[in-house]
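I record what I looked up, entry by entry.

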Amino acid sequence: MAISNRVYEVMMMVCVFFVVSYSLFETGEPPLTLDYYAKTCPNVLQVVRKEMECAVLSEPRNAAFVVRLHFHDCFVQGCDGSILLDDTITLKGEKKASNNIHSLKGFRIIDRIKNSLESECPGIVSCADILTIAARDAVILVGGPYWEVPLGRKDSTTASYELANTNLPSANEGLLSIISKFLYQGLSVTDTVALSGAHTIGMARCENFRERIYGDFEATSDTNNPISKSYIEKLRSICPQVGKAAENNITAMDNVTPELFDNSYFHMLMRGEGVLKSDQELYSSLLGMETKALVKKYAADPLAFFQQFSDSMVKLGNITNSDSFFTGEVRKNCRLRLCSLVITKLTLNRSIYLAAFL
Ligand code: HEM
């Protein structure tokens, strides 16, 4: 009797566990909390902040690299650190996908933070959480808003080259296609416009703005205040119409305050000076009544932009990978899954063992 009661209790506990987990994921509520590491790694926020301060102080563009890394992580399988995985024989990662290759940077900054945290509290803080906190700190360090970061993400044991190619928006994509990619992730039109405001920092490569500066650049110009000839000439000299040699030449996406997180990106769009086609479409597309109104709002009201950007970044960070809560892990090295580490270690041990006998 005692045994069957015990079996009954265990079965009930298992059921409750599944019902709670199911309802958590069904309601779309990620099981993330603000104090997730309070007991296990109380200094996590300070460690990340210190490393980010060094990184941004030495090179302000590092802030842009990290913010973009976080975005590209979250749009593929949710924010699960999948973007950080290097390719291996058994894993085709996301780094070589069309919108990432030759373009996505900042991986070493995350490595450095991870190393510091492995000394402070080994095996506790996931790479996905590190990237989310680092992106928040990056924004603050270049003058942007603060928000609290819910934590408790796990690192994926998979990555998806295919999803990276399909889910990530690209520079020459039309407005509706971009909005649909955000909606697919549970982000609204308002989130799309506010998050695009991240282009107030960082640079774009010629490959990504060539079509724009030899296309409708002058047509989207404000008729009362046309774009200066010298600005167009400058962009065209950085990025000639033909030739592969200039493909990696860069220009700032905010030509007024490129290293400051402010709302001048929205003023640029209103002048018709958006560097990427995808940016300018938010203001100039005939299909973009709602996005145009939002651009005007954030240009007129920097506080409204900061508030919405913070809220939208929390939403972006909460795109979780429900699989990774069950099958995920906390990697030791953000570039490698734990199982790859074991294999590498075994291979190393075997080589040492063989070397001793040869
Ligand atoms: C709306 C759709 C978006 C498109 C089409 C897009 C596309 C791009 C492209 C083409 C670049 C230049 C990359 C290069 O030339 O190497 C870029 C840079 C950047 N993007 Fe986006 N992006 C989008 C949204 C976002 C969002 C939501 C964020 C963050 C919340 C973001 C953050 C950044 C940052 C910070 C940079 C500068 C990176 C650097 O300096 O290297 N982008 N983006």
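I count a residue as buried if 20 or more other C-beta atoms lie within 10 Å of its own, as exposed if 12 or fewer do, and as partly exposed in between, with C-beta atoms placed from the backbone. This is a predicted model, in which local features need pLDDT of at least 70 and side-chain atom pairs count only at pLDDT 80 or more, while totals for chains, interfaces and linings use all residues. I number residues from 1 along each chain as its sequence is written.

**Entry 1. Overall fold.** I find 16 helices and two strands in the chain; these are DSSP runs numbered from the N terminus, helices being H or I of at least four residues and strands E of at least two. Of the 358 residues, 39% are buried. I then turned to contacts, defined by C-beta atoms, placed from the backbone, that lie within 7 Å. Among contacts in the chain with a separation of 6 or more, 78% join residues 24 or more positions apart.

**Entry 2. Positive phi values.** I looked up two residues in the loop between α3 and α4, Gln 77 and His 102. Phi of Gln 77 is near 65 degrees, positive although the residue is not glycine. His 102 is likewise a residue other than glycine with a positive phi, near 60 degrees. Gln 77 has 24 other C-beta atoms within 10 Å and is therefore buried. His 102 has 11 within 10 Å, so this residue is exposed.

**Entry 3. Ligand shell.** I asked which residues come nearest to the ligand. At least two shell residues each come from α3 (61-74), α8 (189-196) and β1 (203-205). The most, six residues, come from α3. I sort the shell into 13 nonpolar, seven polar and four charged residues, where Ala, Val, Leu, Ile, Met, Phe, Trp, Tyr, Cys and Pro count as nonpolar, Asp, Glu, Lys and Arg as charged, and the others, Gly among them, as polar.

**Entry 4. Helix α8.** I note that Asp 191, Thr 192, Val 193, Ala 194 and Ser 196 are the buried residues of α8. Their cover includes α7, α12 (277-284), α13 (289-300) and α14 (302-317). The axes of α7 (residues 175-184) and α8 come within 9 Å and cross at roughly 105 degrees. This makes α7 roughly perpendicular to α8, the class for angles of 65 to 115 degrees. Axes are lines fitted to C-alpha atoms, for helices over the stretch in contact, with angles from 0 to 180 degrees between N-to-C directions. Ile 178, Ile 179 and Phe 182 of α7 meet Val 189, Asp 191 and Thr 192 of α8 in this contact.

**Entry 5. Nonpolar core.** I take a core as buried Ala, Val, Leu, Ile, Met, Phe, Trp, Tyr and Cys residues joined through C-beta atoms within 7 Å. The largest has 69 residues, of which Val 66, Val 67, Ile 110, Ile 130, Ala 134 and Ala 138 touch the most other members. Helix α5 (residues 127-141) gives the most to this core, nine residues.

Key: A residue is near a molecule or strand if its C-beta atom, placed from the backbone, lies within 6 Å of it. Angles under 35 degrees count as roughly parallel, over 145 as roughly antiparallel, 65 to 115 as roughly perpendicular and the rest as oblique. Two residues are in contact if their C-beta atoms, placed from the backbone, lie within 7 Å.
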